[in-house]
Amino acid sequence: MHDTTDPVANLQALVACPSLTPAEGGALALLESMLVPLGFSVERPVFATEGTPDVENLYARHGRNGPNLMYAGHTDVVPPGRETAWTHPPFAGTVANGELFGRGAVDMKGSIACFVSALARLEAEGRLERGSVSLVITGDEEGPSINGTSRLLEWATDRGERFDAALVGEPSNRETLGDMIKIGRRGSISGRVTVEGVQGHVAYPHLADNPIPGLLALLSGLIATPLDEGTDSFPASNLEVTTIDVGNPSTNVIPASVSAGFNIRFCDVWDGETIATEIERRLAAAAEGITGRGERGALSYRLDWVGRISPVFLTRDDRLVETLAGAVERTLERTPELSTTGGTSDARFIKDYCPVVEFGLVGQTMHKVDERVPLSDLEALTRVYMDFIVHWFA
Ligand SMILES: N[C@@H](CCC[C@H](NC(=O)CCC(=O)O)C(=O)O)C(=O)O
Ligand SMILES: [Zn+2]
Ligand SMILES: [Zn+2]
């Protein structure tokens, strides 16, 4: 085993594991081998749900007493894309010009590497003796997130585990390490709207009913007015039409049906129920204005909600937020913005168990070709995590 106090060595070893969702790829086994010598008890439960791939997860705990500080993250990574487009191979962990290249370097094996390094340094100095530190690590964050963190937290609490606060290591910073901490996330909901018509010859439109103009009018009704202007704590909600599907290869056939998918990121003006009601209202109002074959002569359409609704949440634990912000300020001499921007993360599951904040690396290259992290950021993040752990237990 390499020296786990070194975050660069930790990250090189993790990047070398091809843990594309949902493959474990050796990443959790490696993590276990790093944590056991530090005094962690480690378990690796596999969760299965019909219709989704089985997923391996890891739960590790150091200490048996409270309070229990959780660190949460994922070892799964998104595909590298065209490997020949990478300057250095995506699973080699090459260091060049002061940067470490590799899929997962920032999202988020880099953060895990730093947290392990922080633990190893504190353990070596005998400064990991108060309370407990638990690692909640999944192999399914980039995928459906069904057999991952949500199941692992249920599993842990069923076994009597309790958590007092959590730190998620997703790449929270926008431009520079220390510029942003995430203290909440907007909600997310996806839907699909379908309009049925009557197929026919384009030269004989009176014998057909083209569903496309109706769908376009419905979509216009959805996006015509902003959902809100945001609040003090959250950016404005946004609705994005993500796909319009006809699947019509012909130039002379009016299609029988068309549908469109959309996703909404909603702020705390709404919850899952009220945003769904607003969308239903907008579609009904738009349909009223269109002559069609439906009830009362309005356009007939179908709305289906797709997948799970992610809740909006804001962390209100001042001590947790201040401890993390203080760690950033003391270590990096930078005041982080407290933000709720961006997408969702597994913090949406953790917030039901304990207050949660997020701080990791800089997200500029995540999911891209040539994902990479400056070595100096790895050392700096390790120091931030050390400071955070020490002050949270103090
Ligand atoms: N596929 C998952 C959820 C997908 C979560 C995803 N999150 C990010 O991309 C993180 C970006 C950031 O930190 O801002 C998202 O927001 O779509 C599921 O199905 O639930
Ligand atoms: Zn991530
Ligand atoms: Zn990601």
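Reader: Which residues surround ligand 1?
Author: This is a predicted model. In it, ligand 1 is surrounded by P144, S145, E170, G342, G343, T344 and S345.

Reader: And how does that shell divide by class?
Author: The shell around ligand 1 has 5 polar residues, 1 nonpolar residue and 1 charged residue.

Reader: Let me turn to the strands. Is β4 mostly covered or mostly exposed?
Author: Strand β4, which spans residues 68-74, is mostly covered, and 7 of its 7 residues are buried.

Reader: Which way do its residues point?
Author: From β4, N68, M70, A72 and H74 point one way, while L69, Y71 and G73 point the other way. The residues of both groups are buried.

Reader: What does β4 pair with, then?
Author: With strand β7, residues 132-138, β4 pairs in the parallel sense over 7 bridges. Strand β8, residues 165-168, also runs parallel to β4, and 4 bridges join the two.

Reader: Now the helices. Which residues of α4 are buried?
Author: In helix α4, residues 149-158, the buried ones are T149, R151, L152, L153 and A156.

Reader: What do they pack against?
Author: The buried residues of α4 pack against β2 (46-47), β3 (55-62), β4, β7 and α8 (347-350).

Reader: What follows α4?
Author: G160 follows α4, and its phi is positive, near 90 degrees.

Reader: How far does α7 reach?
Author: Helix α7 has 15 residues, 318-332, and reaches 21 Å from its first C-alpha to its last. That is close to the 21 Å expected at 1.5 Å a residue.

Reader: Which of its residues are buried, and what covers them?
Author: L320, T323, L324, A325, A327 and V328 are the buried residues of α7. Their cover includes β8, β9 (180-182), β19 (356-358) and α9 (375-393).

Reader: What comes after α7?
Author: E333 follows α7, with a positive phi near 55 degrees.

Reader: One last topic: what does UniProt annotate at residues 183-288?
Author: The unreviewed UniProt entry gives the annotation "domain: Peptidase M20 dimerisation" for residues 183-288. Over those residues the chain is 27% helix and 32% strand, and the end C-alpha atoms are 41 Å apart.

Terms used. Residues are numbered from 1 along each chain as its sequence is written. Chains are lettered from A and ligands numbered from 1 in the order in which they are written. This is a predicted model: local features need pLDDT of at least 70, side-chain atom pairs count only at pLDDT 80 or more; totals for chains, interfaces and linings use all residues. A residue is buried if 20 or more other C-beta atoms lie within 10 Å of its own, exposed if 12 or fewer, and partly exposed in between; C-beta atoms are placed from the backbone. Two strands pair if DSSP finds at least two bridges between them. UniProt positions are given in the numbering used here, feature names are shortened, and annotations may be inferred rather than shown by experiment. Two residues are in contact if their C-beta atoms, placed from the backbone, lie within 7 Å. The expected span of a helix is 1.5 Å times one less than its number of residues. A residue is near a molecule or strand if its C-beta atom, placed from the backbone, lies within 6 Å of it. Ala, Val, Leu, Ile, Met, Phe, Trp, Tyr, Cys and Pro count as nonpolar, Asp, Glu, Lys and Arg as charged, and the others, Gly among them, as polar.
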